[in-house]
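Open the model in your viewer and keep the sequence panel beside it. Each stop names a selection, then says what is there.

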Amino acid sequence: MTNGWTDVANTDVVFVMGGNPAENHPVGFRFVMQAKLNRGAKLVCVDPRFNRTAAVSDLYVPMRAGTDIAFLGGLIHYALTHNLIHEDYVRLHTNAPFLVDEGFGFEAGRFSGWSGDHYDKATWKYQLDDDGFAKIDPSLEDPHCVHQLMKVHYARYTPDAVANICGCTAAEFEKVAEIVCSTGRADRRGTILYALGWTQHSHSVQLIHTAAMLQLLLGNIGVPGGGINAQRGHSNIQGATDLGAWDKLPGYLNMPRADETTLEKYIENNTPKALRPNALNYWSNVDKFMVSLLKSYYGGAAGEDNEFGYSFLPKINPGDDNSWGFIFDRMSRGELEGLIAFGMNPVANGPNTPKMISALGKLKWMIVADCFETETAAFWKAKNLAGEYYPGAADPASIDTEVFLLPTGCFAEKDGAFVNSSRWLQWKYAALDPPGEALNDQEIIARLFLTIRDLYRDEGGTAPNPVLAIDWSYSNPYSPSLEEIAMEINGRDVTTRKQLSTFGDLRADGSTLCGNWLYCGSYTEQGNQMARTGQEDPGGLGFYHNWSWNWPLNRRVLYNRASADAEGRAWDVKRSGIAWNGARWAGDVPDYKADAAPDVHGSFIMLPEGVAKLFAADFVEGPFPEHYEPAESPVANPLHPAVSANPMLVSFTGPLDPLGDAAQFPHVAITYRLTEHFHYWTKHVSANSQLQPTFFVEVPEVLAQSLGIENTDEVVVTSARGHMNGRALVTARLKPLTVSGQTIFQIGLPIHWGFLGRVTGPLVNNLSPSVFDPNSGTPEYKGFLVNIRKA
Amino acid sequence: MSTTVAKLIDTTTCIGCKACEIACQEWNDHEFTIAPFDGTYQTRPDLSHNFWNLIKFNEIPQDDGGMTWHMAKYQCMHCVDPGCLAACPAPGAIFIRDNGIVDFDHDRCIGCGYCMTGCPFDVPRRHPESKKVFKCTLCSDRTAAGLEPACIKACPTNCLSFGSRDDLLRAAEDRVEQLREQGKTDAGVYNPPGVGGTNVIYVLDRASEPESYGLPRDPKIPASVWFWQGPLRWIGNILMVGGLVAVALHYLRFGPRRVEIEPDGGNPE
């Protein structure tokens, strides 16, 4: 979230799309209700399904899964053509005035620079002046400025075009547009709440880019009551993201590439050049973040003489992708030896379950650390436990994978911090000890590490140094306390051993160590800031600066410099994020230099432009988001049928990766969770199982009638990957949609069940495709094709 | 005399999360059971002797092609003039606490089930073995200790509130006024007069259609219960007193009956 849960109560319009907060975030939803009850805020819900959020919304509009960019592009078009944008904000805080290369263009579904299988981004650049700064046209009139290019790009997204793609009516779309775009004024605020309904498409990163563009045009970024707010699915998935991924080190530092052979080269490549004279360009501090991180990894083994141990870090080979789809694809071809699944159940939550099960059978060994026996730990029993769904699964006797199931404590059995959607690090305390032989995660990791290190020390190996160099000087090396680790992540001065209080104190000379620069300030000399429980709220805006601690620097609203105008005055004094008092910024913790006058720097201090990007060349498929159909779609893209799906989407072509077409699989499937459950976990818990015990398939009433399906009948749902049986829940909440002149039905498939647990049922991912977003590697779980019949 | 307490259910802010259901089950130590699938989002089709708090999900297609989905929590209404109490023949088995809570004393319950016929909301449910009848107690054990009922504690959206009946009736009226200002002209408070009002009060945004929330339109104590409580009871009393007088006269006239005791104790086979 750019803002936070408590801040939702400050808004005038809650726009829910690609999420279902009433069901999946019922506790956070109280702030939506507060906005409705206390401010008379309007709640707008756009979703394929009339869900429990829709039930309490002021306006619900149905749509076809996978067409969100068309809908949001339509809203951008509506705001621009109805003069509803917050123009002063756009001129001051975005790159709308920036001039783009004259060769940039878009035609028939592709941007300039297409070379057959990827884009050459040469024309996706700003025009630069002699000093290397971007040229701008403050009047926004130049035909090559971002503002004009954006107008042209979205001119195609008329209400009729939106209706034709999304399946709602133009009138329904315009009702949404009227409410959402009513916030494009200094005294109105709108927030967007989204979740996996947006992130699980083959164009999901661009989808969120579209939402960010809309919020920037309406002046809703950086302001209390605004923002683009991702609701994180697990209690600590935000923390997991903050601490890295296959291509990211903690704090969103890039993982080194193979050609970055020296620390100097890495820092040169990762230090952006300012594109405007006033850009603060805070990523130019990347050297301090990186060296402090290396010091936290390698301690005494990291010195100036060895580039602080930079050579110990793994490097990514050119063209390599180690995101989910590629890991399991390689595994399925026998190219991986082992897997450690820590709190992760790929058989259940990966797309295309038959491929997951087949891939795990090609491993030599697998360690599953979890508090239940998961489907992943039991994959080798799939043939016995769910043979009807996995006819191709191997006989257990013929599987050579050695499986170790290590029981762990559950969330209530350990302390540590949960990072919630609001970026708040909230410290918790263990309620009880893990049962039986179960150990906490850190003890399992520590004991594994120490054993492996001993083996390297005793027996050598190809590259023992990266393991031997790791600093493991914890009080109890076999089970480091999470408090001690939190102190290390926060960072300290190496000489004085004093805890740091801000990443502004990090140094690139090896005198500081820090496990994640973004978390610096969470555990200071004053103690554990994450454990604070102060409930003071002097401004009445729900900032609660004394409750827990959030990154960065306890700043509750990101980009809050944009909540003020050029002179530093709040756009809306009743909902002031920060304001300039002549000497300092007052209010929230400023996202700006605390004592720098309003005109010294651009407002978006992390970006080389110094302003927010409407036009962004960062993504692989274009600088402006464009509507592309899902990989499996019932229609060709009405905007450009020849380039229907994302030209850059990631898919696989193995025998277990088939894609279906509309002739065989005419209906659109959506997957989702129910409020009664938590992921695939609570099927092991009797209370949650009781509330929704039976797997069901939501079937539109009209379709059910035509297929002779009655409520509670058993049905079979098929896709090109597999099939599954379930009980029909026939409902008018899923409306038939008219898309490109055709009637389209959507089938609802709730996830939770599997072949183990107190209640069992089919794994919905039997049906989902091995198709991924090219920027994030996230699977396309929403909007794939299925067929359905009575069993 | 303590204050009469009440529960307010603002259905316009209910998100059907079922936290109240689980809180009720856990606080009352009820067993978790699996109900057969009935093609709805409801946990089970109906209340039971060990399931006292059920959210009903009512899907209502609209004439304009739209939808409403009324989610409303269903439990004992704690009537001011309770039909169950009126119907109960076992003295003290059903009673009204000082704070207005209608509660059952299971030591005194004789398992006749008359309270089930007496309840116009169809709430009390019989235990299949003991035949005794159970329902929501408005957590009388918690409220006696100054705590709010478990369902209210668990509600994430503050759709449920607990407090003095007078305060909550005012809060309900205020909310209705707000809804009407927002164009929901049919909004209203559900506090049916046929049972003297209830200590469980609802805010409905379609007050003219209580059935769409699973609530009866005009609940009243059934006529049979009225008859049983009124004339029939008088006739019964007369017959019973008459019987007792006749027995006394018979005793005075003929003395006690003498029975021969069999050597084996005389237990009939």
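Start with A:Val611. Select the loop between strand E21 (585-587) and strand E22 (650-651) of chain A, and you will find A:Val611 in it. This is a predicted model, so read every stop on the tour with that in mind.

Is A:Val611 buried or exposed? A:Val611 counts as buried, because it has 27 C-beta neighbours inside 10 Å. A:His93 and A:Val611 are 518 residues apart along the chain, yet their C-alpha atoms are separated by 5.0 Å. Show the contacts next. Leaving out residues up to four places away in sequence, A:Val611 touches A:His93, A:Thr94 and A:Asn95, as well as A:Gly602, A:Ser603 and A:Phe604.

**Helix H4 of chain A**

Select residues 68-81 of chain A. This is helix H4, with 14 residues. From first C-alpha to last, H4(A) reaches 20 Å, close to the 20 Å expected at 1.5 Å a residue. How many of its 14 residues are buried? Twelve are, which leaves H4(A) mostly covered. Colour the buried ones: they run from A:Asp68, A:Ile69, A:Ala70, A:Phe71, A:Leu72 and A:Gly73 to A:Gly74, A:Leu75, A:Ile76, A:His77, A:Tyr78 and A:Ala79. Then step just past the helix. There A:Asn83 takes a positive phi of about 55 degrees.

Zoom in on A:Val14. Which residues does A:Val14 touch, not counting residues up to four places away in sequence? They are A:Val8, A:Val32, A:Ala35, A:Ala41, A:Leu43, A:Thr191 and A:Leu193.

**Backbone stops**

Go to A:Pro552, in the loop between strand E19 (549-550) and strand E20 (578-580) of chain A. A cis peptide bond joins A:Trp551 to A:Pro552, with omega about -10 degrees.

Next, pick A:Arg497. This residue sits in the loop between strand E15 (492-493) and strand E16 (512-513) of chain A. A:Arg497 is exposed, because 7 other C-beta atoms lie within 10 Å.

Now cross to chain B and pick B:Lys18. Find B:Lys18 in the loop between strand E1 (5-10) and H1 of chain B. Phi of B:Lys18 is near 70 degrees, again positive in a residue other than glycine. Is B:Lys18 buried or exposed? B:Lys18 is buried, because 28 other C-beta atoms lie within 10 Å.

**Where the chains meet**

Finish at the contact between the chains. Select 28 residues from chain A and 26 residues from chain B: these make up the contact. On the chain B side, helix H1 (19-27), strand E2 (54-61) and strand E3 (67-74) each supply at least two residues. H1(B) gives the most to that side, with four residues. Colour the side of chain B that touches chain A by class: twelve residues are nonpolar, ten are polar and four are charged.

Definitions and conventions. Residues numbered from 1 in each chain as written. Chains lettered and ligands numbered in written order. Predicted model: local features only at pLDDT ≥ 70, side-chain atom pairs only at ≥ 80, totals over all residues. Contact = placed C-beta atoms within 7 Å. Nonpolar A, V, L, I, M, F, W, Y, C, P; charged D, E, K, R; others polar. Buried ≥ 20, exposed ≤ 12 C-beta atoms within 10 Å, placed from the backbone. Expected span 1.5 Å × (residues − 1).
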